[in-house]
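Reader: I am new to reading structures. Could you take me through one part closely, the charged pairs and a loop beside them in your account?

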Amino acid sequence: MRRSIVGGVATAALGMAGQAFAVEAQQVGERLRVEERPLVGIDARVGLGNFTGDLGRNTRVGPLFGITASAYPWTHGGIEVGYEGQRLPIRDERLRDGGRGEGVWRNNATLLAKAGPLIDEKWRPFVGAGVGLSYLNPSDGADAYYNNDWQTELPVAAGLDFRFGNLVAGARATYRFVGGEGLVRNPVTNADEKGSLFNGNVMIGGQF
């Protein structure tokens, strides 16, 4: 008899827990508001930026170009993956003419998660964070002191997009925490120069 009572109580408890879990899952889904047809898009962007810290003393502000694909599976959140190419001019008295005409090519791939509300079906302010990987390739005239290098990046971004019809335009600033720097060494300490990367850009593209 006691076993039957215990078994009945356990069965009832499991049933209540299952119902509670189902209700909670439904509430979470409603809060996330998963879209039945995710908004997807592609855009092109141009901008400027440079390294900060010790690395910024060896380079100047350089232009960038990027192509990005994005998707918004949720009303207030999305993801994007993109390529960014950038040329950072070098300034270094150890090089001929102070490094004039020399530069570092940066080729980057980034995965970014974004969050922000869609206001009036047009405006979307957002913040984002993600991971990236860059390959740095100095020009031939600088390779006596500058090395080919892979560097990891942790980007954080903030910006504003504006949608009109299927077209979208926007602007953003991105600060990238850089790891694994091995581009150039300090001439005094012979230690790898350290720094981060700050870029700003404008973009135009389409969303469907």
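**Salt bridges and a loop**

Author: In this predicted model, R45 and D43 form a salt bridge, with their closest N and O atoms 2.8 Å apart. Side chains of opposite charge can pair when their charged atoms come close. Both partners can be checked for burial. R45 has a relative accessibility of 5%, so R45 counts as buried, the cut-off being under 20%. D43 is at 8%, so D43 counts as buried by that cut-off too.

The structure holds twelve salt bridges. Take R106 next. R106 pairs with E84, and the closest N and O atoms are 2.8 Å apart. R106 sits in strand β4, residues 103-115, while E84 sits in strand β3, residues 77-89.

E153 belongs to strand β6, residues 149-164, and R106 to strand β4. These residues are 47 apart, and the pair links distant parts of the chain. How buried are the two ends? E153 has a relative accessible area of 1%. R106 has a relative accessibility of 1%. The cut-off is under 20%, so E153 counts as buried, and so does R106.

Salt bridges can also join into a network. E80, K114, D161 and R172 are linked in this way.

Now the loop. E181 lies in the loop between β7 and β8. Is E181 buried or exposed? E181 is buried, with a relative accessible area of 8%. Its side chain reaches the backbone nitrogen of G195 at 3.4 Å. Leaving aside neighbours within four places in sequence, E181 is in contact with several residues, including L55, D149, D192 and G195.

V184 is found in the loop between β7 and β8 as well. There, β7 covers residues 167-179 and β8 covers 197-207. V184 is buried, with a relative accessible area of 1%. Which residues does V184 touch, not counting those up to four places away in sequence? They are L55, N58, R94, Y145, Y146, A191, D192 and E193. L55 is on the contact list of E181 and on that of V184.

Conventions:
Residues are numbered from 1 along each chain as its sequence is written. This is a predicted model: local features need pLDDT of at least 70, side-chain atom pairs count only at pLDDT 80 or more; totals for chains, interfaces and linings use all residues. Side-chain values use heavy atoms; hydrogens and water are left out. Helices (H or I, at least four residues) and strands (E, at least two) are DSSP runs, numbered from the N terminus. Buried means under 20% relative accessible area, exposed over 50%, partly exposed in between (1.4 Å probe, protein chains only). Contact means heavy atoms within 4.5 Å. A polar contact is a pair of N or O atoms within 3.5 Å; within protein, one must be able to donate a hydrogen and the other to accept it, and residues adjacent in sequence count only if both atoms are side-chain atoms. A salt bridge is a side-chain nitrogen of Lys or Arg within 4 Å of a carboxyl oxygen of Asp or Glu.
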